[in-house]
Amino acid sequence: MNLSSAPSRRLPPVQLLTASDRPTETGGFRSRLVWMLERVQDAIAVSLCLGLFGVMVVQLRVIFISLLEPPNFHLITADILSVLILVEMFRLLIIYLQEQRVSIGVAVEVAIVSVLRESIVRGVLEVPWQQLLATGVFLLVLTLILLARVWLPPTFEGIDPEKRIMERYRHVASGDLVD
């Protein structure tokens, strides 16, 4: 099937608003409310970043103090993996602040490291086989999600569904219906 012969409708160029553009009176109450809620959401994400950074500093201090004592492999490994989880969560929040989306790949990586941390802390030999099997299946599913993400086209690279919906809403509100 030749897709080049199919009729195509081109949308007019869209002017995207920057995050710093404050809605005007013509936008109405709803757009002002959405703008305000987005700023509150960004403030929450920034406060989470600051909190995570503080927790990471405290955790690193605990790790360095524990290295002065006789080494306990399980505790040191658990602490290091905890810091790695916090770093990945921090990265997830930074991506959210930059792109206003949650990165599925980073979220899955955080989940994988968290599960592995719990497995290492508890010890594989001390866990019932049913729980070990469930953990293995869960890790397999998370790995499949990561692999599927590679083959799926990127949603947010050039095509942002939320922005398209907002642009359509703006055209409908102004009387210009564009499909």
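What share of the 179 residues in the protein is buried? And then, what can you tell me about helix H2?

Reply: Happy to. This is a predicted model, where local features need pLDDT of at least 70, side-chain atom pairs count only at pLDDT 80 or more, and totals for chains, interfaces and linings use all residues. Residues are numbered from 1 along each chain as its sequence is written, and side-chain values use heavy atoms, with hydrogens and water left out.

To your opening point: buried residues make up 22% of the 179 (buried means under 20% relative accessible area, exposed over 50%, partly exposed in between, with a 1.4 Å probe and protein chains only). The protein has 5 helices and 0 strands (DSSP runs, H or I of at least four residues for helices and E of at least two for strands, numbered from the N terminus).

Now to H2 itself. It covers residues 73-99, 27 residues in total, and reaches 39 Å from its first C-alpha to its last, close to the 39 Å expected (1.5 Å times one less than the number of residues).

On one side, H2 has helix H3 (residues 104-122) as a partner: their axes come within 9 Å and cross at roughly 170 degrees (axes are lines fitted to C-alpha atoms, for helices over the stretch in contact, with angles from 0 to 180 degrees between N-to-C directions). That makes H2 roughly antiparallel to H3 (angles over 145 degrees count as such; under 35 is roughly parallel, 65 to 115 roughly perpendicular, and the rest oblique). Among the H2 residues that meet H3 are Leu81, Ile85, Leu92 and Ile95, and the H3 residues taking part include Val106, Val110, Val113 and Ile120 (contact means heavy atoms within 4.5 Å).

The loop between H2 and H3 holds Gln100. This residue has a positive phi of about 55 degrees although it is not a glycine. For background, most residues other than glycine have a negative phi. Gln100 is partly exposed, with a relative accessible area of 40%.

H2 also takes part in an aromatic pair, and a search of the whole structure finds 1 (rings of Phe, Tyr and Trp, the last by its six-membered ring, pair if their centres lie within 6.5 Å; planes under 30 degrees apart are stacked, over 60 edge-to-face, the rest tilted). The ring centres of Phe53 and Phe90 are 6.4 Å apart and the planes lie at 45 degrees, so the pair is tilted. Phe53 sits in helix H1 (residues 28-68) and Phe90 in H2, 37 residues apart, so the pair links distant parts of the chain. Phe90 counts as partly exposed, at 24% relative accessibility.
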